[in-house]
Amino acid sequence: EREQYVFNLKVTVSAVQAEGRMYTPQACVPGTQWKHEEVTRLVDLTNLGLSNHYVIDFAAFSNLQQLNLSHNQIRDILPFQLHRLQYLSVLDLSFNNIHNSLSELAEHFDKYPSLEVLCLRGNTSYKTLSNRLELIGKMKVFREMTCRLTVVDFPVDVAERMDAWKKQGGPTNQAEELKLKFQLNERLPLDVPREEVKAINLNGAHLAALMDLSAFTNMEILTLRRNELKTITPL
């Protein structure tokens, strides 16, 4: 009962303006000052002692976009089923006690449809930079052109995504081809047909191989400075 009150109190503080806010147990229950579906940000659910002995069902917060569960005692993130939150874009799980394997975490976070920022540092199975790279390499979402996730504790760029995949056994040719596609997608205007593109700037694109550019039939200028190319055979 006390745990539920503390949780409701934290939600109340996050969701209700300070002026006129009430703090009694009766005033903090859902439907009094706030409704689940109206809450979009829960930025301070820290230090609640949340664990797998006290699992909150967040499904009712159907429009939630930001959730901060850092500094709790969560050991297994899967039972919380946060992937059901269709609009969740920012999730902070740092400094818990998460023991899920990196393979389990990769499969789980691949299910989030809107996730853009994920914080995991300070957990049992995720402590080092190599853990971070392994997670990135295992996640399928990072191989998709429509990937929304751009931050895993700190920004993830295209080169890091593809290099992490290669370290997890991803085929080098496929990784380099995707890397080129991602770079072209970021650097070229989307409303211009490839046959109308006159110049392509791939400076600093971290390319280790150059894939087929024959679709750019009228290209006149191609710049490739500061890459890792050993051959330009496709040209």
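Trainee: Quick one on D153: buried or exposed?
Mentor: D153 counts as buried, because its relative accessibility is 17%. The cut-offs, with a 1.4 Å probe and protein chains only, are under 20% relative accessible area for buried, over 50% for exposed, and partly exposed in between.

Trainee: What kind of model is this, anyway?
Mentor: It's a predicted model: local features need pLDDT of at least 70, side-chain atom pairs count only at pLDDT 80 or more, and totals for chains, interfaces and linings use all residues. Residues are numbered from 1 along each chain as its sequence is written, and side-chain values use heavy atoms, with hydrogens and water left out.

Trainee: OK, back to D153. Where does D153 sit?
Mentor: In the loop between β5 (151-152) and β6. Strands here are DSSP runs of E with at least two residues, helices are runs of H or I with at least four, and both are numbered from the N terminus.

Trainee: And what's the phi of D153 near?
Mentor: Near 70°, which is a positive value in a residue other than glycine. Most residues other than glycine have a negative phi. R226 has a positive phi too, near 55°. R226 is in the segment after β8 (221-223), and R226 is exposed, with a relative accessible area of 63%.

Trainee: Switching to helices. How many residues of α5 are buried?
Mentor: Seven of the 10 residues in α5 (residues 158-167), so that helix is mostly covered. They are V158, A159, E160, R161, M162, A164 and W165. These buried residues pack against α4, β6 (154-155) and α6 (172-187).

Trainee: What's at the start of α5?
Mentor: A side-chain oxygen of D157 comes to within 3.3 Å of the backbone nitrogen of A159. After α5 comes G169, with a positive phi near 100°.

Trainee: You mentioned α4. At what angle do α4 and α5 cross?
Mentor: Roughly 90°, and their axes come within 7 Å. That makes α4 roughly perpendicular to α5. An axis is a line fitted to C-alpha atoms, for helices over the stretch in contact, and angles run from 0 to 180 degrees between N-to-C directions. Under 35 degrees counts as roughly parallel, over 145 as roughly antiparallel, 65 to 115 as roughly perpendicular, and the rest as oblique.

Trainee: Which residues make that contact?
Mentor: From α4, R132, L133, I136 and G137; from α5, E160, R161, A164, W165 and K167. Contact means heavy atoms within 4.5 Å.

Trainee: What about α3 and α4, how do they pack?
Mentor: Helix α3 (residues 102-109) and helix α4 (residues 129-138) pack at about 50°, with axes 9 Å apart. They are therefore oblique to each other. The contact uses L102, S103, L105 and A106 of α3, plus N131, E134, L135 and K138 of α4.

Trainee: Last topic: N72. Where is N72?
Mentor: N72 is in the loop between β2 (66-68) and β3 (90-92). With a relative accessible area of 6%, N72 is buried.

Trainee: What does N72 touch?
Mentor: Leaving out residues up to four places away in sequence, N72 touches L45, T46, N47, L48, G49, L50, F95 and N96. A polar atom of the N72 side chain also lies 2.8 Å from the backbone nitrogen of L48. For a polar contact, a pair of N or O atoms must be within 3.5 Å; within protein, one must be able to donate a hydrogen and the other to accept it, and residues adjacent in sequence count only if both atoms are side-chain atoms.
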